[in-house]
Protein chains: 4
Amino acid sequence: MAVVAFIGLGQMGSPMASNLLKQGHKLSVFDVNPDAVQRLVEKGAQPASSPAQAAKGAEFIITMLPNGDVVRRILFAEKGVCESLSKDALVIDMSTIHPLQTDQLIADMHARGFSMMDVPVGRTSDNAIAGTLLLLAGGSAEQVERSTPVLMAMGNELINTGGPGMGIRVKLINNYMSIALNALSAEAAVLCEALGLSFDVALKVMSGTAAGKGHFTTTWPGKVLKGDLSPAFMIDLAHKDLGIALDVANHLHVPMPLGAASREVYNQARAAGRGREDWSAILEQVRNSAGLSSK
Amino acid sequence: MAVVAFIGLGQMGSPMASNLLKQGHKLSVFDVNPDAVQRLVEKGAQPASSPAQAAKGAEFIITMLPNGDVVRRILFAEKGVCESLSKDALVIDMSTIHPLQTDQLIADMHARGFSMMDVPVGRTSDNAIAGTLLLLAGGSAEQVERSTPVLMAMGNELINTGGPGMGIRVKLINNYMSIALNALSAEAAVLCEALGLSFDVALKVMSGTAAGKGHFTTTWPGKVLKGDLSPAFMIDLAHKDLGIALDVANHLHVPMPLGAASREVYNQARAAGRGREDWSAILEQVRNSAGLSSK
Amino acid sequence: MAVVAFIGLGQMGSPMASNLLKQGHKLSVFDVNPDAVQRLVEKGAQPASSPAQAAKGAEFIITMLPNGDVVRRILFAEKGVCESLSKDALVIDMSTIHPLQTDQLIADMHARGFSMMDVPVGRTSDNAIAGTLLLLAGGSAEQVERSTPVLMAMGNELINTGGPGMGIRVKLINNYMSIALNALSAEAAVLCEALGLSFDVALKVMSGTAAGKGHFTTTWPGKVLKGDLSPAFMIDLAHKDLGIALDVANHLHVPMPLGAASREVYNQARAAGRGREDWSAILEQVRNSAGLSSK
Amino acid sequence: MAVVAFIGLGQMGSPMASNLLKQGHKLSVFDVNPDAVQRLVEKGAQPASSPAQAAKGAEFIITMLPNGDVVRRILFAEKGVCESLSKDALVIDMSTIHPLQTDQLIADMHARGFSMMDVPVGRTSDNAIAGTLLLLAGGSAEQVERSTPVLMAMGNELINTGGPGMGIRVKLINNYMSIALNALSAEAAVLCEALGLSFDVALKVMSGTAAGKGHFTTTWPGKVLKGDLSPAFMIDLAHKDLGIALDVANHLHVPMPLGAASREVYNQARAAGRGREDWSAILEQVRNSAGLSSK
């Protein structure tokens, strides 16, 4: 069992710390909210009056904080973690913060001779309580191996994301995709309602197509991902269908800002001469727009 | 076996007509391209010099045409289908056209005493060749039942979409969702590349979340679809994460037009007082924006 | 004075026809609404029972109709203008329709030996009443010269737009710019309100800058329009300022869909290596995105 | 003549400081770049080794820095301005930073007993050299009055923006409007080129309409700004024209992301029941979307 400092006892941090206690780890805890600290103390944790005090003697220091500025302050400010941190300890930031801040924090810690990794979590606060979080471990192979026993007290699945800073990166990509997809899904569902079509019928159809299953594992692998842009479904036709959908939506007063934005992406692909390529070539189009040369 | 007129022998129509012949149906065919007609004649079809001639004596008239204006012309113009159409015949439009045009066409046919249904298809030209199309049947129960034996010569799955015009509606929704999702997926994948993150790792993570599985069957059913907006993941936090992703993307020069549009949808949800609701409440937000009152 | 057929007596057409009468022109009028016809008859016009009857004997046929499909029907359908049109007459379409439809209509008329030009109007229904419309004349020099006396009965300013189809094109560009600008202006004004800033102060400042005066005649002529992209104000800095504005707007819950879309255009310009060019280089960026090569 | 500390000698700051010297003010200067300092020293300034040293004995401390974090550090960090600042001195931040940071900086300075105002500048680096900047003075009446003689050494027009933080606010609004407008203008110009229309003709037409003159002083004052939403030009018609423009642009492969976004704003206005209101009602629509109630 390990000696762990846990800093940040919010909606996610509190149950995560509780689970560490349940697994028999020795915990010192710090939070600006004394009630949150008290609840953990009642479960067996040691209260600390500062991040420095919490970190004193700890093998692992876990931070679960609202943003990167707070993480920086907790580490480097007066009475911060670094004041008492052992060179042998491992700092594990589990917060969701800006990835470029994560890189800078890890670099700054490294420059001081300290070891730090990023392990943001997936799933919800219910999973935090149940100890079934998804752990997105960013760090060296050694850091991942060393932290795994502690981390698995809080989650039931750990993915080694491939290196320092990669945990927070994959969290960002995942959240970007799911959050934007939520808005796009709402446009489709509202258009469905406005058209008087049963949502169940729409679901049934979409469950068998890229609309419901996504493109990453359906339309892309056999085409753009292996460099084949011959058309299974042409960009020109996709652009035409999108135009019909937007026309209908505007007729029915259904706002479609994502759909409207996507039509202009297809439009741009056509301007770039991709009209008769497979629709998966949109990936190449966006790559080019980002200044990345074609593969 | 049925007597069928098939009008429109393009990339999809030709193999669909071939499959009807293979199943033993008697076919008369019409297309503006004589080569396309000739190829079907070699397989046993009767050539027709006009839509009217093709329709003469047919029990089913199938149209597979580029847009609704062409369908209208084929039906109603001089030497069009209606000139020789039997009142007992069933016109099946399998084209992908504007749904409100479909409604008008069906109404205009009905006013002349004719029967018409919409059965657009899903999947690709490969499936058209293999006879494994998805058939999205819009029509009365009687029309669907009557047409099923003929339709199943061209596909291997038929979904009864619930009424006249519903086939083309579900096709539109499905295509809207998958075409726009393609552009959104490209943004996520390019950001992944720009961040130096392995796409395989991203896929692995997303395959277990709404990012990869979609929202319709994961985050929505337990929340917004049953009227529960208590937060599993708050709109305010989703908005924050989206802001980080866009900030990183702009730093790395990855254009994110769909992401940028979606952030403003969340922004609007917050302005409407939904910041502390579950992120699935975006559906309610978009419904309200479309002038639909909350359920 | 001329013999004129006027077809389309709506909110704009009625006062335009009245002004023609006032100037002494001889008018036959047609509209599907008999009340509208009756009002013009009371002012001295001859009623016509069809477009063909209206056009019979007329030197000029003016159409002021809701869309291009209606114009086409009025010209070419049974009892349409073409049935009685003199080869010496000039058809003047003053409707706001799709420019590519205008091109087709002019071509189709020409193929039948008829002469047609496009003269959409600027300004409002108040100007239609006062006879002070802006006349955007598209046609050959001869057509413009010939029509001017008749047109000037309805307006007080005529711009020769440079050839057939150019009148409707300039109308489209002008309306596009002003209609989208209206939405952008609303975003700026609402952000101003949300920031607690006096709108009068904002107006005072913007009245002296490109924000209020536009770019066409201020920042562009000395830079991108003469091929000089050396920075007076760098794209990188414009992108930064836009990011701050969007960040503030999102903080204050002000939706900024146009601003968000524009940030991604600057983002793309930076990806294309234009970050240190003058902000007017956005014109070159958009040209390139449209598949036009740099000048 | 005043004793002035000038901190931040970049592309804008250097000529501004030079102009202060030319007007006879006594200057101490600080910058991280020793060359920039040296050039000012050659013109008569005193070099300072830290912000604190520069501020010592100064009546006015002017900061011209890249962002708000740097301004904060210059003021509050070790050897920062506050270490030697007189309670009688006035700090003038002329940087373009985040307005909410400006508010916080002014509040933090006030809490320490110091006086600070915001005076960002308008126009370009050429104007900085010529001493003809636009000065956007945010501060109390007393602060504005006191700083005016010093400020006017750098500019030729000073606008009192109405209070602390209002200078940076109006700068933000102005830049937002002009930067986004630049992208919108490019869409219109490229559509013009793609349509084969002379840009000069388009300019001539737009110079007389809201497209070229903006809405703030043309279409809005007589309508939405005085609460009259009766239509001079209906939202339904504006929406229709926008749809035509986008349709043409997509046909010609001209990407229109701002236009596409604006169409959805009009769409939303129509969903909110505003279709038959004047197009200036878009302001009310955006206000409502931002959670502001109708006036």
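A polar contact is a pair of N or O atoms within 3.5 Å; within protein, one atom must be able to donate a hydrogen and the other to accept it, and residues adjacent in sequence count only if both atoms are side-chain atoms. The model is predicted: local features need pLDDT of at least 70, side-chain atom pairs count only at pLDDT 80 or more, and totals for chains, interfaces and linings use all residues. Residues are numbered from 1 along each chain as its sequence is written, chains are lettered from A and ligands numbered from 1 in the order in which they are written, and side-chain values use heavy atoms, with hydrogens and water left out.

**Exercise 1.** Describe the surroundings of Lys171(A).

*Solution.* 
- Step 1: Locate the residue. Lys171(A) belongs to helix α8 (residues 166–194) of chain A; helices (H or I, at least four residues) and strands (E, at least two) are DSSP runs, numbered from the N terminus.
- Step 2: Consult the record. An unreviewed UniProt entry places the feature "active site" at Lys171(A); UniProt positions are given in the numbering used here, feature names are shortened, and annotations may be inferred rather than shown by experiment.
- Step 3: Classify its exposure. Buried means under 20% relative accessible area, exposed over 50%, and partly exposed in between (1.4 Å probe, protein chains only). The relative accessible area of Lys171(A) is 12%, so Lys171(A) is buried.
- Step 4: List the contacts (heavy atoms within 4.5 Å). Leaving aside neighbours within four places in sequence, Lys171(A) touches Thr96(A), Pro120(A), Val121(A) and Leu136(A).
- Step 5: Look for a polar contact. A polar atom of the Lys171(A) side chain lies 3.0 Å from the backbone oxygen of Val121(A).

**Exercise 2.** Classify the ring pair Phe216(C) and Phe199(D).

*Solution.* 
- Step 1: A pair of aromatic rings is described by the distance of the centres and the angle of the planes.
- Step 2: Set the cut-offs. Rings of Phe, Tyr and Trp (its six-membered ring) pair if their centres lie within 6.5 Å; planes under 30 degrees apart count as stacked, over 60 as edge-to-face and the rest as tilted. The whole structure holds 12 aromatic pairs over all chains.
- Step 3: Apply them. The centres of Phe216(C) and Phe199(D) are 5.6 Å apart and the planes stand at 80°, so the pair is edge-to-face.
- Step 4: Phe216(C) is in the loop between α10 (210–213) and α11 (235–251) of chain C and Phe199(D) is in helix α9 (residues 199–206) of chain D, so the pair joins two chains.
- Step 5: Phe216(C) is buried at 7% relative accessible area, whereas Phe199(D), at 22%, is partly exposed.

**Exercise 3.** Find a charge placed over a ring in chain A.

*Solution.* 
- Step 1: State the test. NZ of Lys or CZ of Arg must be within 6 Å of the ring centre and within 35 degrees of the ring normal.
- Step 2: Name the pair. The charged end of Arg146(A) sits over the ring of Phe60(A), 5.3 Å from the centre.
- Step 3: Turn to chain D. Arg146(D) has its charged end over the ring of Phe60(D), 5.3 Å from the centre.

**Exercise 4.** Examine the phi angles of Lys79(D) and Arg123(D).

*Solution.* 
- Step 1: Recall the background. Most residues other than glycine have a negative phi.
- Step 2: Read Lys79(D). Its phi is positive, near 60°; Lys79(D) lies in the loop between α4 (68–76) and β5 (90–93) of chain D and is exposed at 53% relative accessible area.
- Step 3: Read Arg123(D). Its phi is positive, near 80°; Arg123(D) is in the loop between β7 (121–122) and α6 (125–130) of chain D and is partly exposed at 41%.
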